[in-house]
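Here is a note for a colleague who is meeting this structure for the first time. Please read the points below with the model open beside them.

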Amino acid sequence: MTAKKSNPPLMASTVAAGFPSPAEQYMESPLDLNELLVHRPAATFFVRAAGDSMTGAGIRPGDILVVDRSLEARDGSIVIACVDNEFTVKYLRSDGSVWYLQAANRKYKPIIFSDGMELKIFGVVTAVIHQFVTQSNVKGR
């Protein structure tokens with residue numbers, strides 16, 4: 001028999017990046033990350049990021065991206081795109097006449113679309129889950 005896992009509680013107040021107050025220990029209802037991050041379950045998927053092209057946007061290698069396929073990608077959206085059969089995560093940009101993909105790391109040049117290139121947008125990134133401590137770090141204690 002397996003025990004049902006319960007969701008951890010969410011603190012009722014925000015936390016300051018300064019000295020903590022002992023009075024802020026009151027809890028709200030349990031936090032459900034699906035409820036918080038997934039607004040359209042049938043259109044949402046998760047994907048793990050690789051590479052460092054989006055570190056300037058807070059997306060690091062190994063992070064989990066929450067992607068909503070039902071949202072319309074617009075200029076400035078962070079998208080999951082397929083360019084010539086290769087997946088990438090980048091900002092979708094337009095200069096008014098041309099669409100292109102832009103990294104959030106100056107080491108990478110924009111991907112500017114020309115005749116013969118194929119672009120498919122798979123969804124808009126709505127959240128990123130970044131862990132400071134991973135399961136592999138915890139196991140090594």
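1. Basis. This is a predicted model, in which local features need pLDDT of at least 70 and side-chain atom pairs count only at pLDDT 80 or more, while totals for chains, interfaces and linings use all residues. Residues are numbered from 1 along each chain as its sequence is written, and side-chain values use heavy atoms, with hydrogens and water left out.

2. Elements. The chain holds two helices and nine strands, where helices (H or I, at least four residues) and strands (E, at least two) are DSSP runs numbered from the N terminus. Read from the N terminus on, the order of the elements is β-β-α-β-β-β-β-β-β-β-α.

3. Of the 141 residues in the chain, 25% are buried; buried means under 20% relative accessible area, exposed means over 50%, and partly exposed lies in between, with a 1.4 Å probe and protein chains only. The chain exposes about 10,600 Å², of which carbon and sulfur atoms supply 54%; the areas come from the Shrake-Rupley method with a 1.4 Å probe, and for residues only the protein chains shown count as cover. Among contacts in the chain with a separation of 6 or more, 49% come from residues 24 or more positions apart, a contact being heavy atoms within 4.5 Å.

4. The sheet. Seven strands form an open sheet in the order S3-S4-S9-S5-S6-S7-S8, and their pairing is antiparallel; two strands pair if DSSP finds at least two bridges between them. Strand S3 (44–48) and strand S8 (111–112) stand at the edges with a single partner strand each, so one side of each has no neighbour in the sheet.

5. Strand S4 and its partners. Which strands are joined to S4, and by how many bridges? Five bridges join S3 to S4 in an antiparallel arrangement, and five bridges join strand S4 (residues 64–68) to strand S9 (residues 119–129), again antiparallel. Valine 67 in S4 is the bridge partner of phenylalanine 45, and valine 67 also stands opposite valine 125 in S9, whereas isoleucine 64 has isoleucine 129 as its bridge partner in S9. Four of the five residues of S4 are buried, so this strand is largely enclosed by the rest of the structure.

6. Strand S5 beside S9. Five bridges also join strand S5 (residues 78–83) to S9, and the two run antiparallel. Within this pairing, cysteine 82 has lysine 120 as its bridge partner in S9.

7. The cavity. Rolling a probe the size of a water molecule over the atoms shows where empty space is left. A search of the whole structure finds one cavity of 30 Å³ or more, a cavity being a set of points, on a 1 Å grid over the protein atoms alone, where a 1.4 Å probe fits but cannot get out. The largest cavity holds about 30 Å³ of space, where grid points are joined across faces, edges and corners and the volume is the space filled by probe spheres set on the points. Its lining, meaning residues with an atom within 4 Å of a point, consists of Ala49, Ala50, Gly51, Asp52, Ser53, Met54, Ile59 and Val89. By class, five of these lining residues are nonpolar, two polar and one charged; Ala, Val, Leu, Ile, Met, Phe, Trp, Tyr, Cys and Pro count as nonpolar, Asp, Glu, Lys and Arg as charged, and the others, Gly among them, as polar.

8. Valine 89. This residue is found in strand S6 (residues 86–94), and valine 89 is buried, with a relative accessible area of 11%. Leaving aside neighbours within four places in sequence, valine 89 is in contact with residues including Ser53, Met54, Ile59, Leu65 and Val125. The C-alpha atoms of valine 89 and alanine 49 are separated by 7.9 Å, although the two are 40 residues apart along the chain.

Key. 1 Å grid on protein atoms, 1.4 Å probe; cavity = no way out; pocket = protein on both sides within 12 Å on 5 of 7 lines; lining within 4 Å.
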